[in-house]
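Subject: Structure handover and notes

Dear colleague,

Below is the structure I promised to pass on to you, and my notes follow it. Please keep it open while you read.

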Amino acid sequence: MLSSHHFLFPTSALFIFSLISSMAASTEASDSSIYEVLKSHGLPMGLLPKGVKNFTVDNSGKFDVHLDRACNAKFENELHYDMNVSGVLRYGQIDALSGITAQDLFLWFPVREIRVDIPSSGLIYFDVGVVSKQFSLSSFETPRDCLAVPVPDLQDGRNIVETVSKILPRKLRYEVDQDNFGRTSL
Ligand SMILES: *[C@@H]1O[C@H](CO)[C@@H](O)[C@H](O)[C@H]1NC(C)=O
Ligand SMILES: *[C@@H]1O[C@H](CO)[C@@H](O)[C@H](O)[C@H]1NC(C)=O
């Protein structure tokens with residue numbers, strides 16, 4: 001079910017982005033809006049919705065954004081924003097993201113990382129832990145209205161991510177155990 005439109009990260013590209021980001025971080029205007037901060041990091045302004053109350057960004061790129069309220073914004077998929085969104089800005093990328101959840105196949109998945117291609121391919125990638133999902137960059141051009149909604153059930157998607165990330169090693173261990181058991185009982 002997670003097999004459609006997901007991508008693996010090119011690790012070397014991530015490395016290059018983090019090198020570039022240290023140069024970008026020092027050129028920030030202190031009184032610009034969070035949307036301009038996103039833009040100055042090569043990220044689309046629409047990643048954060050309308051209704052930002054205040055925000056802080058430090059020199060390392062670590063940011064905290066406070067929204068008026070938790071809310072949902074509709075893109076190709078629906079995104080849920082917690083009242084507090086935080087993460088680490090790098091050039092073309094947000095790491096250690098917390099507070100944004102994406103809906104897919106009726107489940108909600110916490111978004112851990114967001115990345116755009118540089119030079120631009122017109123795509124943006126949302127990493128939800130086990131897979132990364134691509135969207136069209138143009139749909140994130142401008143901040144969207146964000147509507148207050150009941151808090152979605154985030155637990156299902158979280159459970160799936162946790163389960164899937166544990167299944168492989170556990171399955172291997174299980175098979176090894178079975179194998180040993182099979183041998184010793186013969
Ligand atoms: C930003 O807003 C939050 C939530 O209302 C508040 O707790 C916080 O103190 C504010 N921070 C700043 C820097 O104004
Ligand atoms: C958001 O952050 C503010 C300030 O740090 C805090 O007082 C508030 O409890 C947080 N709200 C939520 C829903 O986590």
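Ile94 in strand E6 has Ile114 in strand E8 as its bridge partner, and E6 and E8 pair in the antiparallel sense over 2 bridges, where two strands are said to pair if DSSP finds at least two bridges between them. Helices (H or I, at least four residues) and strands (E, at least two) are DSSP runs, numbered from the N terminus. Before going further, please note that this is a predicted model, in which local features need a pLDDT of at least 70 and side-chain atom pairs count only at pLDDT 80 or more, while totals for chains, interfaces and linings use all residues. Residues are numbered from 1 along each chain as its sequence is written, and chains are lettered from A and ligands numbered from 1 in the order in which they are written.

Ile114 is also one of the residues to look at inside the model. Leaving aside neighbours within four places in sequence, Ile114 is in contact with Leu47, Gln93, Ile94, Leu97, Ile124 and Phe126, a contact being two residues whose C-beta atoms, placed from the backbone, lie within 7 Å. Together with Tyr81 and Val111, Ile114 touches the most other members of the largest nonpolar core, which has 30 residues. Helix H2 and strands E3, E5, E6, E7, E8 and E9 each supply at least two residues of this core. Such a core is a set of buried Ala, Val, Leu, Ile, Met, Phe, Trp, Tyr and Cys residues joined through C-beta atoms within 7 Å. A residue is buried if 20 or more other C-beta atoms lie within 10 Å of its own, exposed if 12 or fewer, and partly exposed in between, with the C-beta atoms placed from the backbone. In soluble globular proteins, nonpolar side chains tend to be buried together.

Leu43 shows how a loop residue can be enclosed: Leu43 lies in the loop between H2 (34-40) and E2, and counts as buried because it has 24 C-beta neighbours inside 10 Å. Not counting residues up to four places away in sequence, Leu43 touches Leu38, Gly92, Ile94 and Val116. The C-alpha atoms of Leu43 and Asp117 are separated by 9.8 Å, although these residues are 74 apart along the chain.

The hairpins come next. E4 (residues 71-74) and E5 (residues 78-90) pair in the antiparallel sense over 4 bridges, with Asn72 bridged to His80 in E5, and they form a hairpin with 3 residues between them. E5 is in turn joined to E6 by 7 bridges, the two strands running antiparallel, and this hairpin has 2 residues between its strands, with Gly92 in the turn at a positive phi of about 75 degrees. E6 (93-104) and E7 (107-110) pair in the antiparallel sense over 4 bridges, and Asp104 has Leu107 in E7 as its bridge partner.

Which residue takes a positive phi in the hairpin of E6 and E7? Leu105 does, with a phi near 50 degrees, although Leu105 is not a glycine. Leu105 is exposed, because 11 other C-beta atoms lie within 10 Å. Phe106, in the loop between E6 and E7, has a positive phi near 70 degrees and is likewise a residue other than glycine; Phe106 is exposed, with 8 other C-beta atoms within 10 Å.

Another backbone feature is the cis peptide bond that joins Ile118 and Pro119, with omega about 0 degrees; Pro119 is placed in the loop between E8 (113-116) and E9 (123-127).

Around ligand 1 the residues are Lys53, Asn54, Thr56 and His66, where a residue is near a molecule if its C-beta atom, placed from the backbone, lies within 6 Å of it. Strand E2 (residues 52-57) gives the largest share of this shell, 3 residues.

Finally, some figures for the chain, which has 3 helices and 10 strands. Buried residues make up 27% of its 186 residues. The chain averages a pLDDT of 78, and 63% of the residues score at least 70, pLDDT being the predictor's confidence in each residue, from 0 to 100. Over residues 1-30 the pLDDT is below 50, and this stretch has 32 contacts in the model beyond near neighbours in sequence.

With best wishes
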